[in-house]
Amino acid sequence: MQQNDGMTLIVKTVTRISVWMILLYGIYIIFHGHLSPGGGFAGGVIIALALLNVLLAFGRKFTSEWLNISFLHDLESASATLFLVIGILGISLGGAFLANFMNKGELFALLSAGTILTLNIFIGIKVGMSLFLVVWVLAGSKIVKGE
Amino acid sequence: MILPYYIIIPLLAAFLISLIAGKKDNWAVILSVIATTALLVLSLFSFISMKDETVTYSMSAWSLPYGIVLVQDALTSFILVMVSIISFTSLIFSIQYIRHLSMDWKYYSLFMLLVTGMNGVIITGDFFNLYVFMEIALFSAFALVAYGSRAEEFEAAFKYAVMGSVSSFLILAGIAVTYSATSTLTMAKVAEVLPTNDQKVIFWIGALFMAGFGLKAAAMPFHAWLPDAHSSAPAPISSMLSGVLIKALGIYVLIRIFYNVFNAPEIFTKIFLVLGTISIIIGVFLAIGQWDMKRLLAYHSISQIGYILLGMGIATPLGILGAVFHLFNHAIFKSLLFYNAGSVEMALGTRDLRKMGNLMKILPTTSQTSLIASLSISGIPPFNGFFSKLIIIIAALQAGLPWYAVFAIIGSLLTLASFMKVQRYGFKGETTVESVENKVGWRMNTAMIILAVLCIATSLMVVPGIQEVTLDPVVKVIADKTEYIQLVLGGMNGN
């Protein structure tokens, strides 16, 4: 790891611990989308913030080694596609686009509410990766003065 | 039920392109051609088979007070056919044109998202759903306008983004007021509940929607973003924006809201009349002075949108017929003109009419199709533009609005003048151009020939037997006004 890249050692050390907690919180929000406030979008934003923390603290070079950016890109497209696939499965199994076709389970249990939990997970991945990649691309572009 | 597939097919294509076409450009082309062909077949099939019935579809199998409903009636199918034709030909035109700019799958992915947004706006029966799809279409349009990555394109895209956001804000405010007044967002339910409210609520909502969707349609006082955005975008995108986007997001929604939901209050049809006439006259005056070919065409879009608004404002069945017919015709000839401008720009590297010339020899297909399109837009008899303008003018006279008819005729004459300028200076200009920078390939020529044939073929839609199966069901949907409520809600009870 490059010591002179990114922010100071204090920030890096704190980030090294906090990034996992933020990620875990994001995953918690996604998985409890059908039970409590939050859901795929909010959790996805938190996941993106965790990754952005690394980008800010350690710099672009380290982040590109730590994360496989093209894999994140594939993950983003794949999650959107899988969302649609579940929607289409709803047509064949549930009678309408995005209709529920899974077991609804017990009320207020973690694994309940049919397809909503699955859809929330895909939304979470999609939103998290999209927001992170948007900032990644913006951070990589150079400011050209003139014209 | 094929209704959700209008949204699923392009959306799936967009994400599959970004998933598997990241490394191979050809896959992007193949996938998007398959998707647009499928949409074209679907929309033509449903337009022919449905005639004047109304089909509804509950998303997620939630019934009406809770869920989102998709509605397909004759008007919907008609606009869907228009969008599909233009997006299909634009895509064919893009294959070569975009490679000449850059080899990129992102273009196709954004293109499919643009189609998703428009199809969604057209087919939805829910206000907020409409807003979401509108944003999908708009954001992909902003990105596509800036696709060439030059300074002027970024400026145009930024201007478009600012104006688009202002209009989206107005629309969102309108939706919020609607929701607070009626406690529902389904268009048919809103139409049912709204008359029990204070009349002032309708004026307030109507004013917000008129400004918001008027900005999207680029009617005259709201037009400032259009010439920049439409002339800076790549040619196939200009034709998508000018040909269908301003109609799907602007005119179609205005028709749906003010006729089917608000029951066409007289004050708003008057506003349509006035805005339409101002757009016709000022748009054409601004156009005639331009030397940049695409900018000239962009100003003409404002003027032609004016004709559609004028037809809607007359509010008699004949006026509506003219408006609907002109809507379709304008999509075809304006897209064709933008393809012509694009192929000239690619061949000569300029859009300045004064630097063109000798094009009959170098680009025979382009100049011949542009002649057809110019004659159509100026309203010369055998071509489609003549019939729709004639119907609008006759409708204005029958409705006792002779001055509006006079303005429409003046606008048409000035249109003819400005396209004589295009032909005289551009295609038969004196500058002798011997060689071309890039050859115009067969795909671009095919796209232009398809639309040129349609320019003549669609004038057959006024032939009585054909008019009854094509235009009349569409006019019936609009002219029946709030009959829409029974058609949608009655259909729901059957499910």
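Me: Which residues does Leu119(A) touch, leaving out residues up to four places away in sequence?

Reply: Leu119(A) touches Phe83(A), Ile86(A) and Leu98(A), with residues up to four places away in sequence not counted; contact means heavy atoms within 4.5 Å. This is a predicted model, in which local features need pLDDT of at least 70 and side-chain atom pairs pLDDT 80 or more, while totals for chains, interfaces and linings use all residues. Residues are numbered from 1 along each chain as its sequence is written, chains are lettered from A and ligands numbered from 1 in the order written, and side-chain values use heavy atoms, without hydrogens and water.

Me: Where is Leu119(A) placed, and is it buried or exposed?

Reply: Leu119(A) sits in helix 4 of chain A. Helices are DSSP runs of H or I of at least four residues, numbered from the N terminus. Leu119(A) counts as buried because its relative accessibility is 11%; the limit for buried is under 20% relative accessible area, with a 1.4 Å probe and protein chains only. Leu119(A) and Thr81(A) are 38 residues apart in sequence, and their C-alpha atoms are 11 Å apart in space.

Me: How do I read a helix such as helix 1 of chain A, and what should it span?

Reply: An α-helix has 3.6 residues a turn, so residues three or four places apart point the same way. The expected span is 1.5 Å times one less than the number of residues. Helix 1 of chain A has 23 residues (9-31) and should therefore span 33 Å, which agrees with the 33 Å between its end C-alpha atoms. Helix 1 of chain A also bends by about 30 degrees at Arg16(A); a bend is the angle between axes fitted to the seven residues ending at a residue and the seven starting there.

Me: Which residues of helix 1 of chain A are buried, and what covers them?

Reply: In helix 1 of chain A, the buried residues are Lys12(A), Thr15(A), Ser18(A), Val19(A), Leu23(A), Gly26(A), Ile29(A) and Ile30(A). Their cover includes helix 2 (40-66) and helix 4 (115-140) of chain A. Thr15(A) has a relative accessible area of 6%, so it is buried. Apart from neighbours within four places in sequence, Thr15(A) is in contact with Asn53(A), Val54(A), Ala57(A) and Phe58(A).

Me: What does Gly411(B) touch?

Reply: Gly411(B) lies in helix 17 (residues 402-427) of chain B and is buried, with a relative accessible area of 0%. Not counting residues up to four places away in sequence, Gly411(B) touches Ile280(B), Ile281(B), Val284(B) and Tyr307(B). Its C-alpha atom is separated by 9.5 Å from that of Ser279(B), 132 residues apart along the chain.

Me: How many cavities of 30 Å³ or more does the structure hold?

Reply: Rolling a probe the size of a water molecule over the atoms shows where empty space is left. On a 1 Å grid over the protein atoms alone, a cavity is a set of points where a 1.4 Å probe fits but cannot get out, and lining residues have an atom within 4 Å of a point. The structure holds 1 cavity of 30 Å³ or more. The largest cavity has a volume of about 60 Å³, a volume being the space filled by probe spheres set on the points, which are joined across faces, edges and corners.

Me: Which helix gives the largest share of the lining of the largest cavity?

Reply: Helix 6 of chain B gives the largest share, 4 residues. Helix 6 (151-182), helix 8 (199-217) and helix 10 (235-261) of chain B each supply at least two residues. Among the lining residues are Tyr160(B), Lys216(B) and Trp225(B).

Definitions and conventions. Buried means under 20% relative accessible area, exposed over 50%, partly exposed in between (1.4 Å probe, protein chains only). On a 1 Å grid over the protein atoms alone, a cavity is a set of points where a 1.4 Å probe fits but cannot get out, and a pocket is an open set with protein on both sides within 12 Å along at least five of seven lines; lining residues have an atom within 4 Å of a point.
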